[in-house]
Amino acid sequence: MDKKITVSQEKYSRSWPFKMAWRDSRKSRGKLLLFIASISLGIAALVGITSFRENLLEEIDEQAKTLLGADFSVSGNKQLPDSLFRKFESISSSESRETFFSSMVLFPGRGTRLTQVRALTGDYPYYGEIETVPAEASQDFRGGQYAIVDEKLMIQYNVGIGDSVKVGDLSFAIKGSIRKIPGQTDVGTSVAPVVYIPAQFLDQTGLIMKGSRINRTAFFQFSSEKDTAGVWTEMKLQAEALGFDVDTIEDRKEETGRAFKDLSSFLELIAFTALLLGCLGVASSIYVYVKSKVQAVAVLRCLGMKAHQAINIYLLQVAFFGLIGSVIGCIMGVIIHLYLPEVTKSFIPIEITPTVYWPALYAGVILGVTISVLFGLLSLVGLRKVSPLSAIRSGFESRKIRWDKLVAIIGMTVIFFIFIALWWQLKNPLFALVYTGILIGSILLLFGMGKGLSWGMKKLLPASLPFVWRQGMSNLYRPNNQTVVLVTTLGLSTALLAMLYFMQDLLVQRVSMAGENERPNTVLFDIQSNQREELHQMTIDYSLPIMQDVPIVTMRLLEVNGKNKNEAWNDTTARVPGWAFNREYRVTYRDSLISSETLVAGEWKGKLESPSDSIFVSISKNYAENLKVKIGDELLFNVQGAVLKTYVGSFREIDWRRVQTNFLVLFPEGVLENAPQFHVLITRVDRSDLSAMYQQAVVQQFPNVSIIDLELILKTLEDVLGKVAFVIQFMGLFSVGTGLIVMISAIILSRFQRMQENVLLRTLGAVKQQLWKIIAAEYFFLGGLGALAGLILATIFTSLLGKFVFEFTFIPNMIHFGAIFFVVTSTSVIIGLLNSRNVIRHSPLEVLRNEL
Amino acid sequence: MKTATTIEIPAWIFCFSLLISCSTPSKNATAVEESVIPEEVTRKDERKTILFFGNSITAGYQLDLEEAFPAIIQNWLDTLGYNYRVINAGLSGETTASGKNRIEWVLKTFPDVFVLELGANDGLRGLPLEESRKNLQEIIDAVKAVNPEVKILLAGMQVPPNLGQDYTKSFRTIFPELSESNETALIPFILEGVAGDPKLNLSDGIHPTPEGHQILASTVWKYLVPLLDNPS
């Protein structure tokens, strides 16, 4: 070895650094394996998460399409003009037409019922399917004089397959019962149960004639090849100008509330996490590895090697590790991605057909190698200026951070690289910039906390503690301490994982039909006051819950602050829009707010104590903004002849996304009890046969009561949203899982740090227990501070994200916090101890000869 | 919020959107005896009263109350010197059943002429027509009980043919039959010349525009005038 090193510079062959890098690695292959494993875990996390993300995103997009059943639809109460239809046709690969209208259909001998009759041509639905029993009925009925009929309707009228249903003048044989229809997400279309008949018989029913109220929808599927964006928008505007309603999958997604927006924001977060985990895995192992080589560099320089030559050797090594680690990581990631769905198939609600997502693999390798080299450089370039001898002596003191232009440049390159990688992941430069900023901020914060801990320990460590504890704690600030590195690594991973955990928990609750079993699905309205008691009893007799029972009073607004419609419009300082006066208000009265309402201003008084008191009503916040009224303003209502002066007492924020009645204006009790009113009852019926029986009984006894059965609509929606929730949960927990492994591997890497010391301590006569305690003390503080810092960061992240992206208020849950703190700290201590068990189990000399 | 597409769906239904669980209902509606709404709602006025009792058509759904046909008729009455005041007791979404329950409240105003315009929502919801007929009869009885001398004008209605011939036919016949048995005046079809014309209806296809209401007013006017005392 010696001779080779003294080779003069001129003869210095190109292959020499490679050979040197190889030779250097010979001595500690076992150790290298650990570093490579750590790199590959990081990359595996990146590849696995990115691939799943891509796959699931596609899958969810597919699912969302069933909300409409086509790429877009054009509907109206007249026929789409041929010229326009042909235009739409030109950008579509397939089109279908549906005609629907309400009609009284007759089940001969069993009675008539208002239904929605639909007639279909073409292959609609393109996404999802009309689910029937038997399954083939949804296709078969199109071939002859057949119909398919809403399942519950068939139960209600006790008809079966083969029986007939008369639509207009024509009888159809029933081919099957309908269980689910794609695209049925609009409440307006659901009032009556559905009967499908083939379009070719439509004219013969005699129902389509002058004066008939017919709705027509054309469904289109985009042809894939053509870029249709511009043309399509123009056509859309044209159709809308003619009074048609153009509906797209995007519109439908928006109608479902925030679910899809939440999902995509969350998946951005996941992408960020994946990238960061990759970096963390690679960077932490490279950093520790290179640090262990500093002395070797110094020795080489003492022997006459130029600084850059020495650096080259280790850079080559590091790049090579990075490459191997990344390739192994990619393979691991792909294996997880391909086989995990297979294993979990039986209990996940989504069908994943994993296909290898190549960009994730390229990204894995590029990231692995680049981060390896950059972090290798970052640790190595500092050695350039250090004189060889001081490098050896300063084993301890020289690694103070000194301003170095090159280090700064490399640091910037790292940041820039992360920014580019984020840009690629998020496909949005602005988001990438924001995330990069957040990342830098958190690292600085963690770095500061690590420094603070070192400093604090040094200053505050009480001398009265037993030696072992003092030894353990002083390891946190003595030279060669690992405080800053581990606190940063642990803190960052804890922050990420805790944040993902909180976030997925909150989002899943919000998106999914949490408490699906309590979701109402049946609404009865137009119940008259004298029918209320009896209907209650009947509902209870059917063992159904009365989820809401609301009185509704209709009124009109006469004046706002003493100004009627025209005066209010002409008042330029507070112009009240005309619709506020033109609409009829359906209001209710009760003594308290319900869970979908939050008081945001003013005070809510639930009961009017004496008829002479002023009446304070509560109005919806958005409505108040439109009306431009403040707390204390006067509203004059006309309650069907009785004029009522009220004051705005409070504003409520209303969560409109729930299946329940919500009101712009809410009265306290003691005002409207005598006014004409009807009642709405909301319940849930689980079984469709029970539902059918209940509906039949209600209609029979209370013919004026109308029933809206939301089950058919909610089924499709619930299906899709359930999958969205699953994806959020899966991606969240999968990332947390892989992240934990990456974090653990980072702690494992610290095993070499204390080895020499511990061996020395043992040589000096320290017993096992003492060593355990020393190690436990050090790792307890490292883990504890890392966890604490991480939790603080996670709280900040989650609150910020909640405020600016997801629109919720994050309320920290102390039990979660405690659990996370405990897990991270104990993991740190346990791994610290496991790391040292070699040193402690075997005799000191054995260890020294083996490892050093 | 979308606009209602048919008469039968109250606008608030669209305030449902489709998510998540329902809360436990608050305890409510324990009927409280004392109520600010006075038991008697009457106004002193020496003029005679024409009470329009109906659904969204009378109420002028989505329009200013001043644009609905009862207000137009009031204008004409005033211009021509008839000594009558018009009360609009229309309510969107009203069926004959809810009308029957509301009539007591409405009759706190003593009617000299009573225009009954209900039934369309029953038809559009496919309710059993025997019930509708019974409810309308009870409303007429209630009005007569308050004022045996009242002059009743019954507004005939039709439902679109897509509901099926049997149903539309029996629906159509309710009004002339009731009119005959109760000896009331009858508007054969109140939406004559308006129904089905896209230009005279809002985009939902069934609620008349302000122009539509002008035509409605002339139709009603034709049958109303013979029931009135001549201008002084």
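Trainee: In what order do the five strands of the open sheet in chain B stand?
Mentor: In this predicted model, the order is β2-β1-β3-β4-β5, and the strands of this open sheet in chain B pair in parallel.

Trainee: Which strands stand at the edges?
Mentor: The edge positions of the chain B sheet belong to β2 (84-90) and β5 (185-187). Each has a single partner strand, so one side of each is left without a neighbour in the sheet.

Trainee: How many bridges pair β1 with β2(B)?
Mentor: Seven bridges, in the parallel sense, pair β1 of chain B, residues 48-54, with β2(B). As an example, B:Lys48 has B:Tyr84 of β2(B) as its bridge partner.

Trainee: Which strands does helix α2 of chain B lie across?
Mentor: Helix α2, residues 69-80, lies across β1 and β2 of chain B, and runs at about 180° to β2(B).

Trainee: And where does helix α6 of chain B lie?
Mentor: Helix α6, residues 165-182, lies across β4 (151-155) and β5 of chain B. The angle of α6 to β4(B) is about 165°.

Trainee: Turning to helix packing, at what angle do α3 and α5 of chain B pack?
Mentor: Helix α3 (residues 96-106) and helix α5 (residues 129-146) of chain B pack at about 20°, and their axes are 8 Å apart. Angles under 35 degrees count as roughly parallel, so α3(B) is roughly parallel to α5(B).

Trainee: Is the crossing left-handed or right-handed?
Mentor: The crossing of α3(B) past α5(B) is left-handed.

Trainee: Which residues make the contact?
Mentor: From α3(B), the contact uses B:Thr96, B:Ala97, B:Gly99, B:Lys100 and B:Ile103. From α5(B) come B:Ser132, B:Asn135, B:Leu136, B:Glu138, B:Ile139 and B:Ala142. By class, five residues of this contact are nonpolar, four are polar and two are charged.

Trainee: Now chain A: how many bridges join β2(A) to β3?
Mentor: Strand β2(A) is joined to β3 of chain A, residues 111-121, by eleven bridges, and the two run antiparallel. Within this pairing, A:Leu106 has A:Thr112 of β3(A) as its bridge partner.

Trainee: What lies between the strands of that hairpin?
Mentor: Three residues lie between β2(A) and β3(A), and in this hairpin A:Gly109 takes a positive phi near 80°.

Trainee: In what sense does β2 pair with β9 of chain A?
Mentor: Strand β2 (residues 92-107) and strand β9 (residues 215-222) of chain A pair in the antiparallel sense, over eight bridges. There, the bridge partner of A:Arg97 in β9(A) is A:Ala218.

Note on methods. Residues are numbered from 1 along each chain as its sequence is written. Chains are lettered from A and ligands numbered from 1 in the order in which they are written. This is a predicted model: local features need pLDDT of at least 70, side-chain atom pairs count only at pLDDT 80 or more; totals for chains, interfaces and linings use all residues. Two strands pair if DSSP finds at least two bridges between them. Helices (H or I, at least four residues) and strands (E, at least two) are DSSP runs, numbered from the N terminus. Two residues are in contact if their C-beta atoms, placed from the backbone, lie within 7 Å. Axes are lines fitted to C-alpha atoms, for helices over the stretch in contact, and angles run from 0 to 180 degrees between N-to-C directions. Angles under 35 degrees count as roughly parallel, over 145 as roughly antiparallel, 65 to 115 as roughly perpendicular and the rest as oblique. A crossing is left-handed if the near helix is turned anticlockwise from the far one by less than a right angle, and right-handed if clockwise. Ala, Val, Leu, Ile, Met, Phe, Trp, Tyr, Cys and Pro count as nonpolar, Asp, Glu, Lys and Arg as charged, and the others, Gly among them, as polar.
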